[in-house]
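Reader: Hi! Could you walk me through this one?
Author: Happy to. Here it is.

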Amino acid sequence: MFGADLRLLLAGLCLLLAWDASDLDMRVALLFGGPQGFAWRDHWLLAGLMHSGGEAVGTGLVALLIIGVWWPPRFARHLTRGQRVGWLAATVASALVVALLRRTSLTSCPWSLAEFGGAAGHHVSHWGLHLHDGGPGACFPSGHAAAGFAFLPGWFVLRRSAPAAAGVWLAAALAAGLCFGTVQVIRGAHFPSHVLWSGWLCWATAVLAHHGADRFARVRST
């Protein structure tokens with residue numbers, strides 16, 4: 001399965017690079033904002049319920065995974081404790097990869113840029129690693145989208161032994177990540193590429209963690 005997972009990962013990377021080579025980030029942002037800023041930035045539904053609520057949901061699910069190491073739900077009872085620990089570790093690792101990259105990024109959020117009434121300079125691609133846009137930075141990739149995408153490792157853990165539960169888990173993680181990310185795009189907190197890269201990074205972390213754990217288990221059994 002590693003070959004198929006790797007091919008899918010590389011296909012996603014190619015699509016992301018094609019997106020980055022276009023001007024679609026700015027085109028989408030201009031649908032929701034302009035020189036006067038973003039109209040939905042402080043709306044109670046997006047800024048309050050969806051933003052703060054998304055963080056609470058992510059934290060709550062991590063807590064459930066921690067509890068599940070000792071008291072797993074029915075669909076995960078067939079997993080060994082080591083597999084459940086690995087599931088938790090891969091989820092936390094996915095979130096940490098996004099958080100660490102975000103902390104070191106020079107890319108500022110759209111609402112900080114001059115194009116949208118902010119005090120920073122003009123938009124600079126996140127590939128301009130040594131170029132500063134004059135803003136606060138630390139906005140790439142999307143940390144909020146990772147509150148959903150970080151749970152993608154559950155698909156890999158469950159897909160062989162509980163395919164139905166794995167499918168539901170995958171759909172829920174993708175839907176949550178895209179929902180949380182879309183909210184932030186509408187508010188002007190992120191460009192779409194920030195969300196898409198967050199999803200790809202979490203997926204890549206899940207693939208590496210899963211197949212790394214499989215390889216380690218095979219080596220130990222020989």
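Author: A word on naming before we start: helices (H or I, at least four residues) and strands (E, at least two) are DSSP runs, numbered from the N terminus. This is a predicted model, where local features need pLDDT of at least 70, side-chain atom pairs count only at pLDDT 80 or more, and totals for chains, interfaces and linings use all residues. Residues are numbered from 1 along each chain as its sequence is written, and side-chain values use heavy atoms, with hydrogens and water left out.

Reader: Thanks! Where is L61?
Author: L61 sits in helix α3.

Reader: And is L61 buried, partly exposed or exposed?
Author: L61 counts as partly exposed because its relative accessibility is 31%; buried means under 20% relative accessible area, exposed over 50%, and partly exposed in between (1.4 Å probe, protein chains only).

Reader: Which residues of α3 are buried, then?
Author: L46, H51, G54, G58, L65 and G68. The buried residues of α3 pack against α4 (81–104), α5 (146–149) and α7 (163–187), with contact meaning heavy atoms within 4.5 Å.

Reader: New topic: what joins F140 and P141?
Author: A cis peptide bond, with omega at about -5°. P141 lies in the loop between α4 and α5.

Reader: What about phi of A138?
Author: Phi of A138 is near 55°, a positive value in a residue other than glycine. A138 is also placed in the loop between α4 and α5, and A138 is partly exposed, with a relative accessible area of 29%.
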